[in-house]
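Hi there,

Here is the structure we talked about passing on to you.

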Amino acid sequence: MAQVTLTHVKKVYAGGVEAVKGVSFDIPDGGFCVLVGPSGCGKSTLLRMVAGLETISAGEVSIGNRVVNQIEPADRDIAMVFQNYALYPHMSVYDNMAYGLRNRGTPKDEIEKRVAEAARILAIEPFMQRRPRQLSGGQRQRVAMGRAIVRKPQVFLFDEPLSNLDAKLRVQMRVEIKKLQRALGVTSIYVTHDQVEAMTLSDKLVVMNGGQVEQIGVPSEVYRKPASKFVATFIGSPPMNILPATIDGPGIVALGDAILEARDLQQDLAAGTKVEVGLRPEDIEIVTEGQAGSLPFDVEFIEELGATQLFHGQLSGLPFVMQAATGEVAAQPGRLWITVDPDRVHVFDATSGTRLGRA
Amino acid sequence: MQKNAYFKGLTIPLLLLLPQLAITIVFFYWPASQAVWQSFLLEDAFGTSTEFVWFENYTELFSRPEYFKAFVNTVIFSSFVCVLSLSIALLFAVMADRQIRGAEVYKTLLIWPYAVAPAVAGVLWLFMFDPSLGMLARGLQSLGIAWNPRLNGNHAMLLVILAATWKQISYNFLFFLAGLQAIPKSVIEAAVIDGARPMRRFWTIVFPLLSPTTFFLLTVNIVYVFFDTFGIIDTVTGGGPSGATQTLVYKVWADGKGGTDLGGSAAQSVILLVMVIGMTAIQFRFIERKVSY
Ligand SMILES: Nc1ncnc2c1ncn2[C@@H]1O[C@H](COP(=O)(O)OP(=O)(O)OP(=O)(O)O)[C@@H](O)[C@H]1O
Ligand SMILES: [Mg+2]
């Protein structure tokens with residue numbers, strides 16, 4: 001087994017596009033790391049550098065204490081699952097899975113044993129003699145997984161493996177991938193732009209933006225203490241509300257006439273400093289009209305999600321969303337008075353967007 | 001599952017097919033049936049009388065050693081041209097596919113020979129390898145090779161093979177390149193990660209995935225060497241020396257040219273036709289079954 005370490009890794013493509021601008025992090029042995037970020041932020045590029053499919057412009061990638069910058073993909077002891085599965089169309093499912101082992105001269109009976117075992121785990125035994133085009137998307141996905149696990153590599157690399165599946169299958173495969181990774185204990189790097197996948201799968205979450213790392217942490221920490229406005233709005237659904245505000249005193253922000261306490265706020269900021277306040281839709285509480293420090297929220301329409309409802313409207317002239325358990329708040333347009341737990345008020349620098357938290 | 005659109009009645013489909021049918025009938029079925037009819041006739045040298053002789057033209061043909069020789073020549077010529085032009089074109093296409101700098105220029109230059117008419121291509125090679133004028137011929141002679149395609153049958157055969165191959169490479173190259181570029185990059189990358197070294201990758205992934213292209217080109221190339229190489233042979237060697245480069249199609253023309261043996265010439269073209277139909281049928285029946293995936 002192996003840990004993976006990235007040190008100041010950069011990628012400049014021919015033509016001068018700087019896709020990855022110096023990224024460092026490490027994944028402990030057996031860890032599940034998810035790279036998440038918007039389209040074009042360099043996630044795939046980073047993953048492909050770990051795989052060896054792209055050259056590393058600067059910095060160092062090591063797998064299990066061995067620097068692999070100059071090592072061929074085949075010799076890095078990794079397996080990769082591609083977004084379009086990349087199965088060999090002219091080979092049977094069995095041969096697709098056996099190919100990598102044959103190339104490495106694994107004895108025939110060992111190949112049979114490993115393929116059979118992988119097929120059993122992934123429940124694809126009935127399809128072993130079929131060609132990929134005779135399989136459904138979900139079945140192809142399993143074969144791609146099978147091709148990775150028969151190799152017993154040190155690291156699994158996944159590049160948006162579920163994005164071609166329908167919503168229901170995606171949830172099901174997500175759970176299976178997590179279980180499989182736990183059971184096999186193989187260090188994994190998983191690229192996605194789906195923040196639900198990112199939150200549920202990872203034990204280390206790396207949020208990327210514009211070729212740089214915005215935040216690294218366990219998912220709950222990234223959710224509770226987003227390091228920047230970007231992370232705050234990217235992680236969590238529906239996204240966090242961002243409102244302009246000013247510092248009113250130590251740990252106090254003012255939004256117009258209303259006052260909010262923010263327990264994590266940096267203490268030494270001068271009163272009157274312009275900041276931005278982030279409030280998650282699910283953290284909003286309803287209070288009685290006129291309670292000290294409460295904010296007026298004008299509900300315009302309601303979206304039904306089943307277990308919860310989304311209240312869309314305006315708060316001091318800006319779009320605002322609140323989420324509440326169905327039935328908890330009367331589902332009708334009109335004015336509500338709201339407040340937020342001081343532990344759940346996020347404050348960001350108005351220009352740089354970084355979190356203004358306690359050191 | 002039915003994906004095709006349906007027409008009710010026969011009128012519209014027939015109208016749509018009409019131009020294609022007309023062309024096929026006028027330029028293929030009609031001359032072909034004429035040739036079949038001719039092959040059963042014996043005409044005297046002045047064209048004054050014709051006689052229906054059943055298979056006499058055929059039996060007479062098979063009794064002639066030159067015909068057997070033309071047959072052997074055709075087999076040698078076709079196999080070499082097909083194998084060489086396909087494999088060289090594939091090699092070039094694989095190289096061009098590697099996105100090297102200058103690949104565009106390289107591709108354009110490779111495509112040019114296709115635009116050259118067969119007769120012009122023939123003249124080009126004739127000059128280059130002319131024993132007294134040709135630069136390349138002098139080079140060979142200075143190496144101590146007594147190069148003379150005008151006298152040496154093997155040299156002549158080599159020359160027409162080279163000229164015909166050169167002419168066909170660019171066509172094959174274009175199709176191979178398109179075929180290579182249609183293979184998803186991620187499939188190749190998966191094979192790289194699966195530990196397949198370049199040679200093994202080529203034979204186990206790229207080549208099998210190219211097989212529909214290869215199959216198509218094989219069919220096209222066989223038709224090319226059987227029929228279209230006539231112009232090259234005519235300009236380079238004129239079938240000589242002493243019939244060393246006379247292929248079946250060239251012999252059809254040579255025998256029919258003077259109008260001396262129209263029946264024999266017609267019989268030859270019928271045989272040629274049957275051979276090509278036979279080979280194409282075999283290819284479609286047996287090879288295509290393997291190439292679909
Ligand atoms: N081969 C290439 N040559 C030049 N630029 C490239 C190349 N591949 C990617 N890029 C650029 O590098 C940046 C990062 O691309 P990358 O594929 O890593 O994004 P991504 O985060 O995986 O996005 P997505 O979620 O859409 O897959 C993009 O701006 C892209 O245009
Ligand atoms: Mg990507």
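**Around ligand 1**

Helix α1 (residues 43–51) of chain A gives the largest share of the shell around ligand 1, namely 3 residues. Helices here are DSSP runs of H or I with at least four residues, numbered from the N terminus.

Before going on, a word on the basis: this is a predicted model, in which local features need pLDDT of at least 70 and side-chain atom pairs pLDDT 80 or more, while totals for chains, interfaces and linings use all residues. Residues are numbered from 1 along each chain, chains are lettered from A and ligands numbered from 1 in the order written, and side-chain values use heavy atoms, without hydrogens or water.

The residues surrounding ligand 1 (a heavy atom within 4 Å) include A:Y13, A:K43, A:S44, A:T45, A:E160 and A:H193. By type, the shell divides into 3 nonpolar, 6 polar (Gly counts here) and 2 charged residues.

Backbone N or O atoms also lie close to ligand oxygens: 2.8 Å for A:G40, 3.0 Å for A:G42 and 3.2 Å for A:C41. The protein buries 61% of the 630 Å² that ligand 1 exposes when taken alone (Shrake-Rupley, 1.4 Å probe).

**On chain B**

B:V26 sits in helix α1 (residues 11–38) of chain B.

Best wishes

Definitions and conventions: Helix = DSSP H or I, 4+ residues; strand = E, 2+ residues; numbered from the N terminus. Polar contact = N/O pair within 3.5 Å; in protein donor to acceptor, adjacent residues only side chain to side chain.
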